[in-house]
Amino acid sequence: MSIDSSAIRILTVDDHPLIRVGIATLVAPESDMKVVGEASNGREGIAKFRECLPDVTLMDLQMPDMNGIDAVTAIRDDFPEARIIVLTTYTGDVQIFRAIKAGAQAYVIKNLVHKELLQTIRTVYAGRKTMSPEVAAQVAAYAGVEALTSREIDVLRMIAAGSANKEIGAQLSISEETVKSRVKNILLKLGANDRTHAVTIAVKRGIIEL
């Protein structure tokens, strides 16, 4: 099939070669789009973007050297009109909000790539934002829920690492009573039954990473 000279030019940024090959294979039969560049991490993605100036960039979130959120932010700082689709296995609402805040116009879950990606590329190229029902459901599920503070997230990360309240207090230079207060707030905000449950919820929502 011949490719239109005005075809949508796509950059793929993902640390998994098989994902990049899969996207190229998916795009190849389409006459209105073509892959013009690939990168394996966020830092490479920024450099490749400047080199290729693609119409649409597909950006993974979790990558070595520089993650997708930081790469999206950097690209959009220099190229405010850049059209970026986050392509990831992570469905947590916090990750979604971070991606949107960074400037992504769409968020596609990798197991839905064959179903949604091509139309999402066309929609974003046309200047519109889009969100799949699965992703929208994640956002809606936690709409209005009070967010954890940065200090509460620090405590939660240390809980996930197995630290006791006394250890957390010593490392963060706060009293054990303050740690207990923050843990109480964390459980309340996350709707968790205990510390382990809080970590499980936080990982699922993308608040922390293990």
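Ser-173 counts as exposed, because its relative accessibility is 65%, above the 50% that exposure requires. In this predicted model, Ser-173 is placed in the loop between H8 and H9. Its phi is positive, about 60 degrees, although Ser-173 is not a glycine. Most residues other than glycine have a negative phi. Leu-53 belongs to the loop between helix H2 (42-52) and strand S3 (56-59). With a relative accessibility of 46%, Leu-53 counts as partly exposed.

Helix H8 spans residues 165-172, and its buried residues are Asn-165, Ile-168 and Gly-169. These three lie on the same side of H8, because they cover an arc of only 100 degrees around the axis. The face of H8 turned away from the buried side carries Lys-166, Ala-170 and Gln-171, which are exposed. What do the buried residues of H8 pack against? Their partners are helix H7 (150-160), helix H9 (176-190) and helix H10 (195-205).

Another part of the chain shows how two helices meet. Two packed helices are described by the angle between their axes and the distance between the axes. For helix H4 (residues 93-102) and helix H6 (residues 133-141), the angle is about 105 degrees and the axes are 9 Å apart. H4 is therefore roughly perpendicular to H6, since angles of 65 to 115 degrees fall in that class. On the H4 side, Asp-93, Ile-96 and Phe-97 take part, and they meet Val-135, Gln-138 and Val-139 of H6. Sorted by class, this contact of H4 with H6 comprises four nonpolar residues, one polar residue and one charged residue.

The aromatic side chains provide a further point of interest. How many aromatic pairs does the structure hold? There is one, formed by Phe-49 and Phe-79. The ring centres are 5.0 Å apart, and with 55 degrees between the planes the pair is tilted. Phe-49 lies in helix H2, whereas Phe-79 lies in the loop between helix H3 (68-78) and strand S4 (84-88), so the pair ties together parts that are 30 residues apart in sequence. The two rings may also be considered by their accessibility. Phe-49 counts as buried, because its relative accessibility is 4%. Phe-79 counts as partly exposed, because its relative accessibility is 27%.

These local features can now be placed within the whole chain. The chain contains ten helices and six strands. Its C-alpha atoms fill a box of roughly 70 × 30 × 30 Å along the principal axes. The chain has 210 residues, of which 44% count as buried. Contacts in the chain between residues at least 6 apart in sequence may also be considered: 64% of them join residues at least 24 apart.

Definitions and conventions
Residues numbered from 1 in each chain as written. Predicted model: local features only at pLDDT ≥ 70, side-chain atom pairs only at ≥ 80, totals over all residues. Heavy atoms only, no water. Buried < 20%, exposed > 50% of the residue type's maximum accessible area, 1.4 Å probe, protein only. Helix = DSSP H or I, 4+ residues; strand = E, 2+ residues; numbered from the N terminus. Arc of directions from axis to C-beta. Contact = heavy atoms within 4.5 Å. Axes fitted to C-alpha atoms, helices over the stretch in contact; angles between N-to-C directions. Parallel < 35°, antiparallel > 145°, perpendicular 65-115°, else oblique. Nonpolar A, V, L, I, M, F, W, Y, C, P; charged D, E, K, R; others polar. Phe/Tyr/Trp six-rings, centres within 6.5 Å; stacked < 30°, edge-to-face > 60°.
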